[in-house]
Amino acid sequence: MNMKKLTAMLCLGAIVAIAGQSVIAAEKKAAPKVEATDKSAAKSTESSGDKAAAQSAIAAAESARKKAASIDGEWRDTGKMIKKAQAALKAGDFAKATKLAKKAENQGKLGYEQAQAQQTLKMPSYLKY
Amino acid sequence: MKNLPGKLLLLSIVAAVAVTAQAAPEKATPERDREVFENRFKERFPDLAKEEYANGVYAIDPIGRESWEAIEEFPPYELFVDDGKEMWDAPFANGKTYKDCFADGPGIAHKYPHWDKEKGMVMTLPLALNQCRESQGEKPLKYKKGSINNILSYMAFESRGQKTNVVIPEDDPRALEAYEKGKKFYYTRRGQLNFSCANCHVQNPGMKIRSDMLSPALGQTTHFPVYRSKWGTVGTLHRRFTGCNKQVRAKPFKAQGQEYRNLEYFLTYMSNGLTLNGPGARK
């Protein structure tokens, strides 16, 4: 093989190598976009699920609060907790919203049970009739 | 003995009737309730004279009493009494005054609360004052804070020496019903802390709750409205009800709503015979 042919082959090889590197680099750059889109989609699904759960928890809490209130069994902080849950929902903090709402729902249930248990007057034993 | 079985049967029936006739506490008459209530405090504080209960916690807290007696030399409610007198005397826009609604006033606090047969409800003095204002074309006052406490302080001051004398008229069963509702409220546990009014003020007067001594229920209504150091001002009985309900973490009821008026009716009845000494000063 003469020198001219060898040089041409080497140059061609270099060009091919450089071109290949560029393609690989471009693919690498593209790949994250594909991954990011997948992750964003995943996050979006998860987030809308969390949002729905928070909304559902708040609705359940409000229902429990009203039930307790219907027999004068509402506790002091239940309504405040629901308002805080609603604010957290609005701010996108779904975990906090859900946690507060579940706490409020529990208070509503306990308040209702308490008022039910106290429906009938029972005079205390330290009053000597 | 002739006809012994018959006589034994008769005796058993009589005994059974006698046992049944002792009304269950829940069905006792208001006067029986009051006697039992008073006896509870006699048992709890055997050396305390009944009239002392009008001094509230200072009847049972000797250290607190010293401070209270010092405060009473220059009582913080005095300015409110003065402002209240101005309110009493000042004509409404239509030229009339409170005297036109309350001919016997201002010293009429002992006439409240009472059963209003016409309206079918418990009438309290703050409610009557606002009804007077509205009938004269004036705006009603707020029931917990503000200037209602001025005129109430003045009227309470002018009523000092009068005896608590709540009547539950027998010719209107609704009055007894209101009393019973107030009684039920008083003994019902409520709130996250699950306390009734009675848990603190009938079961445990004289005991400490954090750093404060629990006052006895007997006599609690004689000295309202009250200047509370905690409030830095004078406040009404219903404001205190609201605060107590919040303290046990129950959602409070509306001031001058049916619940608190019935509660006031019951609680004031329990202090029948005690001398009015408002306005008071408390921690």
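What I am showing is a predicted model, in which local features need pLDDT of at least 70 and side-chain atom pairs count only at pLDDT 80 or more, while totals for chains, interfaces and linings use all residues. Residues are numbered from 1 along each chain as its sequence is written, and chains are lettered from A in the order in which they are written.

Strand β5 (residues 226-228) of chain B is joined to β6(B) by three bridges, and the two run antiparallel; strands here are DSSP runs of E, at least two residues long, and helices are runs of H or I of at least four, numbered from the N terminus. Two strands pair if DSSP finds at least two bridges between them. In chain B, three strands make up an open sheet of mixed pairing, in the order β6-β5-β7. Because β6 (233-235) and β7 (280-282) of chain B stand at the edges with a single partner strand each, one side of each is left without a neighbour in the sheet.

Turning to the domains, the assignment, which is automatic or from a database, divides chain B into domain 1 (26-76 + 168-282) and domain 2 (78-158). Between them, 24 residues of domain 1 of chain B are in contact with 23 residues of domain 2 of chain B, where contact requires C-beta atoms, placed from the backbone, to lie within 7 Å. On the domain 1 side of chain B, α10(B) gives the largest share, five residues.

Finally, between chains, 14 residues of chain A are in contact with 19 residues of chain B.

Conventions. Two residues are in contact if their C-beta atoms, placed from the backbone, lie within 7 Å.
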